[in-house]
Amino acid sequence: MDAYFKNKVAVITGAAGVICSQISKDLASLGVTVALVGRTAEKLEKVEQEILASGGKCKAYPCDVTDRDSVEALAESVIKDFGKCDFLINGAGGNNVKAMPNITKFDPRELAEDRPEDLKGLYNVDMDAFEGVIRLNTMGTVYPILAFAKYMTKQGGGSIINFASMNTYCPLTRNFAYAMSKAAVANFTQSFAAYFAEAGIRVNAIAPGFVVNERSKAYLGTVEDGLTQRGKDVIKHTPMGNFGQASDMCGSVRFLLDSRLSSFVTGVTIPVDGGFLTLSGV
């Protein structure tokens, strides 16, 4: 328990994911009551049970954060249940392989009528999926900010954390929609920070580096068991020589939420990346 965090209320979207489930459990251990938000009830319930079993306080709220009406209803439910929202962590987001080409440079064959079935260039991606990635990572963050900041203004303040990416700074190959949307996150974090500063609401972001999860193991491998070529490229650009863990995000989250430490910090994006951004690749 921490006296500052005890009895605070945090809303965490994407709470069933690898990073935000860890953040949810960490904040609950400090005495924060956590509203677990995600698209799938079954996944949320697993995190909910872990927190409750360890003596923490939480409640699961299934919600599609790209649906504004649903997010507004979510905010009303949280305020009804807990009376306030001190912290909002916008962890919901993601990519879609349908929105990604499988080549890194333009190939004239992607425009040909006899295009090979195994070749998918930028002209061959699913544009509905492309737009869906942008919508999830942008409006899926904007809608919760608008919904919960409304109550924070009445309370006299609060702290909001968005999730950016290494793609925010320089796009990785094949990640067009994801990179576009994560660059936008850092930009509108600044815009919202300036807008809500007078209301006592701080808005910041965290940009995780490459974090180990089941999906990353499939396309990057692991340092311990062997790396794919893409994994080797990532590690080559990471001075600390390893991938991050979800728990590595918790320190920055605590710092940005704790007004004892970060009361004069707003509009920033903090990379938690093992030094990935320090190397140009040359």
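Asp2, Asp258 and Arg260 are joined in a network of salt bridges, a salt bridge being a side-chain nitrogen of Lys or Arg within 4 Å of a carboxyl oxygen of Asp or Glu. The model is predicted, so local features need pLDDT of at least 70 and side-chain atom pairs count only at pLDDT 80 or more, while totals for chains, interfaces and linings use all residues. Residues are numbered from 1 along each chain as its sequence is written, and side-chain values use heavy atoms, with hydrogens and water left out. The structure holds 10 salt bridges.

**The network**
- Asp258 is buried, with a relative accessible area of 3% (buried means under 20%, exposed over 50%, partly exposed in between, with a 1.4 Å probe and protein chains only).
- Arg260 is exposed, at 51%.

**Arg39 and Asp64**
- The closest N and O atoms of this salt bridge are 3.4 Å apart.
- The pair links distant parts of the chain, 25 residues apart: Arg39 lies in the loop between β2 (33-38) and α2 (41-53), and Asp64 in the loop between β3 (57-62) and α3 (68-82).
- Helices (H or I, at least four residues) and strands (E, at least two) are DSSP runs, numbered from the N terminus.
- Arg39 is exposed, at 59% relative accessible area, whereas Asp64 is partly exposed, at 28%.

**Glu72 and Lys150**
- Glu72 forms a salt bridge with Lys150, with the closest N and O atoms 2.9 Å apart.
- Glu72 in helix α3 and Lys150 in helix α4 (residues 127-155) are 78 residues apart.
- Glu72 is buried, at 18%, and Lys150 is partly exposed, at 35%.
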